[in-house]
Amino acid sequence: MRTQRQVVDYSLRKRAALRELLAGRVGTYDLCDASPYLKNAARFHGESTDERCPICRSENLTLVHYIYGDELKQSAGQARNVAELTMLAMTLREFQVFVVEVCLGCDWNHLIEQYLLGRDGLTGVADGDPAHGEASGMTADGTGVRRRREAQR
């Protein structure tokens with residue numbers, strides 16, 4: 001998505017959990033513990049993938065996107081599909097998305113990604129805030145400057 005930023009990838013943590021399972025230090029029941037709520041969210045709001053489950057290898061994984069943010073109010077913590085995320089990203093200033101992969105066969109689940117979405121990620125003036133105008137990279141005399149947001153990172 002265009003406004004996606006501050007992405008955190010949890011693939012190393014996933015690999016470590018699978019390595020612990022293969023070494024026998026962790027049991028299958030410790031990793032395959034998806035709650036009924038997560039499984040229902042995967043059925044009704046999930047995005048199916050072509051990737052096989054790393055545990056049972058018989059089912060394809062489903063991605064579930066959970067949203068959190070101050071502007072969401074009662075909607076915070078709900079699962080949404082990708083089309084709804086795109087629409088929310090254009091209407092809300094900022095919210096956080098957590099992506100969980102779920103296997104509906106063996107109950108494997110793992111947080112794989114976390115990122116921010118929203119209008120604050122767009123360059124240019126947003127909501128009349130003059131600080132956003134400087135982030136576009138141009139000064140009043142037309143000369144280019146480094147983006148203030150990039151300098152803060």
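## Strand S3 and its surroundings

S3 and strand S5 (residues 95-102) pair in the antiparallel sense over seven bridges. Strands here are DSSP E runs of at least two residues and helices are H or I runs of at least four, both numbered from the N terminus; two strands count as paired if DSSP finds at least two bridges between them. The model is predicted, so local features need pLDDT of at least 70 and side-chain atom pairs count only at pLDDT 80 or more, while totals for chains, interfaces and linings use all residues. Residues are numbered from 1 along each chain as its sequence is written, and side-chain values use heavy atoms, with hydrogens and water left out.

**The chain**

The chain has six helices and six strands, in the order β-α-α-α-β-β-β-α-β-β-α-α from the N terminus. Of its 153 residues, 36% are buried; buried stands for under 20% relative accessible area, exposed for over 50%, and partly exposed for what lies in between, with a 1.4 Å probe and protein chains only. The accessible surface is about 9600 Å², and carbon and sulfur atoms hold 49% of it. That area comes from the Shrake-Rupley method with a 1.4 Å probe. Among contacts with a separation of 6 or more, 57% are between residues 24 or more positions apart, a contact being heavy atoms within 4.5 Å.

**Strand pairing**

| Partner of S3 | Residues | Sense | Bridges |
|---|---|---|---|
| S5 | 95-102 | antiparallel | seven |

Leu63 is the bridge partner of Glu47 and also stands opposite Glu101 in S5. His65 has Arg80 in S4 as its bridge partner. Strand S3 spans residues 60-68, and seven of its nine residues are buried.

Beyond four places in sequence, Tyr66 touches Tyr37, Leu38, Ala41, Gly77, Gln78, Ala79, Gln96, Val97, Phe98 and Val100. Its C-alpha lies 9.6 Å from that of Leu85, 19 residues away in sequence. Thr49, in S2, counts as buried because its relative accessibility is 17%. The contacts of Thr49 beyond four places in sequence are Asn60, Leu61 and Leu63. Its side chain reaches the backbone oxygen of Leu61 at 2.7 Å. This is a polar contact, a pair of N or O atoms within 3.5 Å; within protein, one must be able to donate a hydrogen and the other to accept it, and residues adjacent in sequence count only if both atoms are side-chain atoms.

**Nonpolar cores**

A nonpolar core is a set of buried Ala, Val, Leu, Ile, Met, Phe, Trp, Tyr and Cys residues joined through side-chain atoms within 4.5 Å. The largest one has 13 residues, of which Ile67, Leu85, Phe95, Val97, Val99, Tyr115 and Leu117 touch the most other members. At least two residues of this core come from each of S3, helix H4 (82-91), S5 and strand S6 (109-117). Apart from this core lies another, of ten residues, including Leu18, Leu31, Cys53 and Cys103.

Leaving out residues up to four places away in sequence, Val99 touches Leu63, Val64, His65, His110, Leu111, Ile112, Glu113 and Tyr115. His110 belongs to strand S6 and is buried because its relative accessibility is 12%. Outside four places in sequence, the contacts of His110 are Tyr10, Arg13, Lys14, Val99, Val100 and Glu101.

**Helix H4**

Which residues of H4 are buried? They are Leu85, Leu88 and Ala89. These three lie on the same side of H4 because they cover an arc of only 105° around the axis, the arc being that of the directions from the helix axis to the C-beta atoms. An α-helix has 3.6 residues a turn, so residues three or four places apart point the same way. Ala83 and Met87 are exposed on the other side of H4. The cover over the buried residues of H4 includes S3, S4, S5 and S6. At the N-terminal end, Asn81 caps H4, with a side-chain oxygen 3.3 Å from the backbone nitrogen of Ala83.
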